[in-house]
Amino acid sequence: MSARGVARLAAATLASGLVAAAVLTGAGRAAADGGTAQSQSGATATISGLKTYGEAVVHDDSGDEQVAAGLFEMSVDGGGTLQTYCVDLHNPTQRDAKYHETAWSGTSLGANKNAGKIRWILQNSYPQVNDLAALARKAGAGSLTEQDAAAGTQVAIWRYSDGADVDAVDPQAEKLADYLEKSARGQTEPQASLTLEPPAVSGRPGDLLGPVTVHTNAGTVTVIPPADAALTGVRITDKAGKPVTAAQDGSELYFKVPDEATDASAELTVQASTTVPVGRAFTSESRSQTQILAGSSESTVTATADATWADQGAIPALSAGKNCAESGVDITAANTGDKPFTFELMGAEHTIPANTSRTVTIPLQEDQAYDFTITGPNSLERRFTGVLDCKTQAGESSLTTQTLSEPSPASVGGTASDVNLAATGGDSATGVITGVAIGLVVIGGAVLVVLRQRENPTGD
């Protein structure tokens, strides 16, 4: 990364962080006392590097800049491998960054009218189409190597994801990029590999708490009961109260809580092995560039949901999710109790009446780190952390992601690990970026809170 790029990123990120002060510091202290992380959903993976690539040139007002363009590889937690392309050209890639499968609404794709065309490109090019001779004929490209195919595909994606003026260096790759760009048609967002909806429920001891619905493309999923089920007596069941150890898409799961159970909470986990659908977005909480899935081996996917119960009073169920359309984070509180639930967030107090659900939208600046902890009755504590990454930042920062800095590739393209993340934005600047990111959580800041009321009876 150039010094200019580091300076711009550091300045922009620090400015964002200064907006988040005292509240984030307080949240950090609360979380240190033992908060619960937000729910897992889908595949989690660690980025390995740029594996199959060619070269491209990005044109902008400051001149032309040569970049690496191609396929990244990720290693899935629990087993499996993912191949991805970048949809975030102007943001840095962090070495060994941890990525999570994410809905388009939590990324720049959510507000991008061309997101469906990107999915079409993924489905109709390399590596989904591995007959390169046939792909070359369609594109009028003569012949294509894997490096050409990866570079041409990435260039076509950047034109839609970042609105970039970019060309592939290799003439055959450029012909493929032009063909894909002109041929692309809008498609819908793919289904998540595995999610539980809602991710949080609540109720009274003796009741079936739920339902929590399974959404997956896997044939079956394994249902893992709460870790302390033997002590609490909490069971995962179907609507009839029959214990469940396996489920499938559309299955409804319930927490069966004993009548005598003391006020507490528990977590349900479901796990499966499946291929992650092409077009799923992947984001990192370390501010590493957003990726989109191009290919998947059989991979381990996981989802969690939690339940809270109490004999009387307020009984909140808390969940959160990024909302790029509103440039913020939605925190939903559903109160199934007989008394109001009141909590304080970002310096404002919010009250959720009995049998009511509301969503608090917390507006954040782009690239801003957040760390919110909400506490409730009976030692309830839920922590939600991340970084708001909703824009591609075109024209606002220098190219930091794919730049062919040192070490540079020995040839036009490669398929090995000769180009790693140090050559694509994760070099010595990584420490600066990481330091800034950590500083945001420590510095924090006060921002306004917008309350969108969704007052729906929880029984609906």
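Biologist: Which residue of β16 stands opposite leucine 82?
Modeller: In this model, which is a predicted one, leucine 82 stands opposite serine 296 of β16.

Biologist: What holds paired strands together in general?
Modeller: Strands of a sheet pair through backbone hydrogen bonds, and the pairing can be either parallel or antiparallel.

Biologist: And how many bridges join β15 to β16?
Modeller: Two bridges join strand β15, residues 281-284, to β16, and these strands also run antiparallel. In that pairing, phenylalanine 282 has glutamine 291 of β16 as its bridge partner. The two strands form a hairpin with six residues between them, and in the turn arginine 287 has a positive phi of about 70°.

Biologist: Is β16 largely enclosed or open, and why?
Modeller: Strand β16 covers residues 291-296, and because five of its six residues are buried, it is largely enclosed by the rest of the structure.

Biologist: What about cysteine 86, buried or exposed?
Modeller: Cysteine 86 counts as buried, because its relative accessibility is 0% and the cut-off for buried is under 20%.

Biologist: Staying with cysteines, how many disulfides does a search of the whole structure find?
Modeller: The search finds one disulfide, and this link joins cysteine 324 to cysteine 390, with an S to S distance of 2.1 Å. The pair links distant parts of the chain, 66 residues apart: cysteine 324 sits in the loop between β18 (316-323) and β19 (328-335), while cysteine 390 sits in the loop between β24 (381-387) and α8 (429-443).

Biologist: New topic: what is the strand order in the open sheet of four strands?
Modeller: The order is β7-β9-β13-β11, and the pairing is antiparallel. The edge strands are β7 (194-197) and β11 (235-237), each of which pairs on one side only. From one strand to the next, the twist averages 30°.

Biologist: How many bridges join β7 to β9?
Modeller: Four bridges join β7 to strand β9, residues 208-216, and the two run antiparallel. As one example from this pairing, threonine 195 stands opposite histidine 215 in β9.

Biologist: Let's move to a helix: which residues of α4 are buried?
Modeller: In helix α4, residues 132-139, the buried residues are Leu132, Leu135, Ala136 and Ala139. They lie on the same side of α4, because they cover an arc of only 100° around the axis.

Biologist: Why do residues three or four places apart point the same way?
Modeller: An α-helix has 3.6 residues a turn, so residues three or four places apart point the same way.

Biologist: What covers the buried residues of α4, and what does the face turned away from them carry?
Modeller: The cover includes α5 (146-161) and α6 (171-183), whereas the face turned away from the buried side carries the exposed residues Arg137 and Lys138. Just after α4, glycine 140 takes a positive phi of about 65°.

Biologist: Where is glutamine 312 found?
Modeller: Glutamine 312 is found in the loop between β17 (299-309) and β18. Glutamine 312 counts as exposed because its relative accessibility is 59%, and the cut-off for exposed is over 50%. Leaving aside neighbours within four places in sequence, glutamine 312 is in contact with Arg204 and Asp338.

Biologist: And threonine 269, is that one buried or exposed?
Modeller: Threonine 269, which lies in strand β14, residues 264-274, is buried, with a relative accessible area of 17%. Not counting residues up to four places away in sequence, threonine 269 touches Thr222, Val223, Ile224, Thr302, Ala303 and Thr304.

Note on methods: Residues are numbered from 1 along each chain as its sequence is written. This is a predicted model: local features need pLDDT of at least 70, side-chain atom pairs count only at pLDDT 80 or more; totals for chains, interfaces and linings use all residues. Side-chain values use heavy atoms; hydrogens and water are left out. A disulfide is a pair of cysteine sulfur atoms within 2.5 Å. Buried means under 20% relative accessible area, exposed over 50%, partly exposed in between (1.4 Å probe, protein chains only). Two strands pair if DSSP finds at least two bridges between them. Axes are lines fitted to C-alpha atoms, for helices over the stretch in contact, and angles run from 0 to 180 degrees between N-to-C directions. The arc is that of the directions from the helix axis to the C-beta atoms. Contact means heavy atoms within 4.5 Å.
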